[in-house]
Amino acid sequence: MTTPRTVTTPHTFGLQRRERIMDELRRDGSVRVSRLAAEIGVSEITVRRDITALADEGLVTRVHGGATLRSTLDVGTSSTSRSRGTGTTRFTIGMVVPSLSFYWPQVVHGARAAATLGRDRVVVRGSSYSVSDDRSNIRRLLDSGEVDGLLLAPQVEGEEGRDLVRWLDTLDVPVVLVERQPPAGVHTQRVEWVRTDHAYGAGLAVRHLHGQGHRRVGLVTATSPHADLIRAGWREACDELGMPSGDDLVGRAVGFGDEAWEQVLDERMAQVQQTGTTALLVHSDPEAIALLQLCADRGIRVPGDLAVVAYDDEVASMAEPALTAVRPPKSEVGRAAVELLTARLGEGRRRPRRTVSLDPWLVVRASSRSGRAGHPEMSP
């Protein structure tokens, strides 16, 4: 008797790709066509067709450059049916984020996905990295009289930022900070928060590079609320592994696009060569990609002469070579923030105050591999 042979058809491959897309969406809340195409090893047109097929089935929502999980908020529900008292919406949540691009869209998608499951509504306002803008946007939400609670990612540093956090602790509605926490010296009683453990993420990168044989790992950071945490995690991991962690291995905190960025990058590369540094952790993706371009111009091979790990994983897979990157759980941060806030709204002040810390992943790609090829690896 002949054993039947399993036949793999193009249709089977299509199903596998769509399952991969749905897995990514369930984890991150959104996907980018360019990143999926690079990681799966197919054309962007093929991924777009798969997303179209999933959208036709009502499973995802197409957006520019990718897709998000389907939400009931996508179905043109009228403002009347969303209003409180109809039984359709449980809580209305005001959300203020410093940007509606790069990093924050996935956080917002995660928040909306969790809100949809709980029959809640999220009203999003884009702010800037300015305390006065944050305060203005928060006041507008409060003055509307429609929000039951607030999810906020304000500037918390400096005297203005500390004053803002103290004010938030006095509000009549509950507040959850997103990727922020009260600064040192500000003691709150009601404000809760959810954030990524960025120090742990930096440690993941350092330990990976150490495992690849590097014994001198430098750091370049952009101007960001996360920079101090990344720096602390890098230094702690270097010290733990017995590697140098002096200031000569740390690049000045200047963001990509700043007038001084090219000069700083040149200075940093000279410093790398002078100190014998063989690997760099670079925050964030645009700065890491700019560094790769400078390496190519100078004939520095990546990862042969210098291994590079980016922090954020927004566009790291699009680099040449594709960048190993620390990936914060952005969508999960948004989900956890909504869950924390709605639990507070449901249980009131008798619920003990809580904070949530989420660990990022490390996605290993070509820019840090020691002569190994293959598909990206995810490390916890």
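**Figure 1. Helix 10 and helix 11 cross at roughly 65° in this predicted model.** The axes of helix 10 (residues 261–275) and helix 11 come within 11 Å, and the model that shows them is a predicted one. Helix 10 passes helix 11 in a right-handed crossing. On the side of helix 10, the residues in contact are Trp261, Leu265, Asp266, Met269, Ala270 and Gln273. They meet Glu287, Ala290, Leu291, Leu294, Cys295 and Arg298 of helix 11. Sorted by class, this contact has 8 nonpolar, 1 polar and 3 charged residues.

**Figure 2. A cis peptide bond joins histidine 283 to serine 284.** The omega angle of this bond is near 5°. Serine 284 belongs to the loop between strand 11 (279–283) and helix 11 (285–298).

**Figure 3. Helix 5 packs against helix 12 at an angle of about 40°.** Helix 5 spans residues 104–117 and helix 12 spans residues 330–347, and their axes are 6 Å apart. The angle makes helix 5 oblique to helix 12. The crossing of the two helices is right-handed. Helix 5 contributes Gln106, Val107, Gly110, Ala111, Ala113, Ala114 and Ala115 to the contact. Helix 12 contributes Lys330, Ser331, Val333, Gly334, Arg335 and Val338. By class, the contact comprises 7 nonpolar, 4 polar and 2 charged residues.

**Figure 4. Lysine 330 places its charged end over the ring of tyrosine 103.** The charged end lies 5.3 Å from the centre of that ring. Lys330 is also one of the residues through which helix 12 touches helix 5.

**Figure 5. Helix 6 and helix 7 pack at an angle of about 20°.** Helix 6 covers residues 131–144, helix 7 covers residues 158–168, and the two axes are 10 Å apart. The helices are therefore roughly parallel to each other. Helix 6 passes helix 7 in a left-handed crossing. From helix 6, the residues Val131, Asp134, Arg135, Ile138, Arg139 and Leu142 take part in the contact. Their counterparts in helix 7 are Glu160, Gly161, Asp163, Leu164, Trp167 and Leu168. The contact of helix 6 with helix 7 has 6 nonpolar, 1 polar and 5 charged residues.

**Figure 6. The charged end of arginine 135 sits over the ring of tryptophan 167.** The distance from the charged end to the centre of the ring is 4.9 Å.

**Figure 7. A cis peptide bond leads from glutamate 320 to proline 321.** Here omega is near 0°. Proline 321 lies in the loop between strand 12 (307–311) and strand 13 (324–327).

**Figure 8. Glutamate 179 has a positive phi value in a residue other than glycine.** Its phi angle is near 55°. Glutamate 179 is placed in the loop between strand 7 (175–178) and strand 8 (192–196).

Terms used:
Residues numbered from 1 in each chain as written. Predicted model: local features only at pLDDT ≥ 70, side-chain atom pairs only at ≥ 80, totals over all residues. Heavy atoms only, no water. Lys NZ or Arg CZ within 6 Å of the ring centre and 35° of its normal. Axes fitted to C-alpha atoms, helices over the stretch in contact; angles between N-to-C directions. Helix = DSSP H or I, 4+ residues; strand = E, 2+ residues; numbered from the N terminus. Parallel < 35°, antiparallel > 145°, perpendicular 65-115°, else oblique. Left-handed = near helix turned anticlockwise from the far one by under 90°. Contact = heavy atoms within 4.5 Å. Nonpolar A, V, L, I, M, F, W, Y, C, P; charged D, E, K, R; others polar.
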